[in-house]
Amino acid sequence: KAFMVYDFRLTDERLFAALQAMGRNGGMLQVHCENATIIDALVARAFEQGEVASRHHALTRPTYAEAEATHRAIALAQAAEASVYVVHLSFADALAEVLAAKARGWTVYAETCTLYLAFTDARYGHAGEAGAIQSVSSPQCESGAERQARVAGLRGGADWGGAGEANGATRGGAVRTRARPPEGGEGADRGRGGRVGAPVRGVRR
């Protein structure tokens, strides 16, 4: 599994090399797609303006940051002659990138997370920081319209890999669930993204 965001993210060059290696050996790389340059800039701006409450975490991760990174990961996979599995897909714009690639005949899979099917950004309006911080996720929950697009994609045979959930620490201890990879494979999604209830403070770098 590879990440395009966070301090342990892969550069495009390293991501491309990983995709090539997977392609040569009949594997498939899972990729968490968010544009780190965009997010880092928005997070830095939020800190400068003192916007560090949990609700600002969502505001520093716009829909186009996920859509652009999803497009880039798919393009790199195509150039590497490899398939790719997009995890934690949250927004309709990113789903559109997946569907456009599949319409071209490219081997692309995607999964969403159960939290994105159940919750919306209304959760960030909880009274007090203690309530809002339990709704922090990456990518974040969005509007009801975005949720409906994900549900429609699953019901409409968009050939998703499924709906999974990533590991995330909670106040009650570790939560472990498994995503269903395509073809009923045995992979597990164990990354930092796509989680609710993580004990972090507001906007994350």
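Helix axes here are lines fitted to C-alpha atoms over the stretch in contact, and angles run from 0 to 180 degrees between N-to-C directions. All views show a predicted model.

**View 1. Helix α4 packs against helix α5.** Helix α4 spans residues 63-79, and helix α5 spans residues 92-103. Their axes lie 7 Å apart, at an angle of about 20°. That angle makes α4 roughly parallel to α5, because angles under 35 degrees count as roughly parallel. The α4 and α5 crossing is right-handed.

**View 2. Residues meet between α4 and α5.** From α4 come Thr 63, Glu 66, Ala 67, Thr 70, His 71 and Ile 74. From α5 come Asp 93, Ala 94, Glu 97, Val 98 and Ala 101. The residues of this α4 and α5 contact divide into five nonpolar, three polar and three charged.

**View 3. Ala 100 sits in helix α5.** Its relative accessibility is 30%, so Ala 100 counts as partly exposed. Partly exposed residues fall between the buried limit of 20% and the exposed limit of 50%. The C-alpha atom of Ala 100 is separated by 9.5 Å from that of His 71. Along the chain, Ala 100 and His 71 are 29 residues apart.

**View 4. Helix α1 packs against helix α4.** The angle between α1 and α4 is about 50°, and their axes are 9 Å apart. The two helices, α1 and α4, are therefore oblique to each other. The crossing of α1 and α4 is right-handed. On the α1 side, the contact is made by Asp 12, Leu 15, Phe 16 and Leu 19. On the α4 side, Arg 72, Ala 73, Leu 76, Ala 77 and Ala 79 take part. By class, the α1 and α4 contact has seven nonpolar residues, two charged and no polar ones.

**View 5. The largest nonpolar core has 24 residues.** Met 4, Leu 15, Leu 19, Val 31, Cys 33, Val 84 and Leu 89 have the most contacts inside this core. Elements giving two or more residues to the core are α1 (12-24), β2 (29-32), α4, β3 (84-87), α5 and β4 (108-113). Helix α4 gives the most, with five residues.

**View 6. Leu 19 is shown with its contacts.** Neighbours within four places in sequence are left aside.

Methods: Residues numbered from 1 in each chain as written. Predicted model: local features only at pLDDT ≥ 70, side-chain atom pairs only at ≥ 80, totals over all residues. Heavy atoms only, no water. Helix = DSSP H or I, 4+ residues; strand = E, 2+ residues; numbered from the N terminus. Parallel < 35°, antiparallel > 145°, perpendicular 65-115°, else oblique. Left-handed = near helix turned anticlockwise from the far one by under 90°. Contact = heavy atoms within 4.5 Å. Nonpolar A, V, L, I, M, F, W, Y, C, P; charged D, E, K, R; others polar. Core = buried A, V, L, I, M, F, W, Y, C linked by side-chain atoms within 4.5 Å. Buried < 20%, exposed > 50% of the residue type's maximum accessible area, 1.4 Å probe, protein only.
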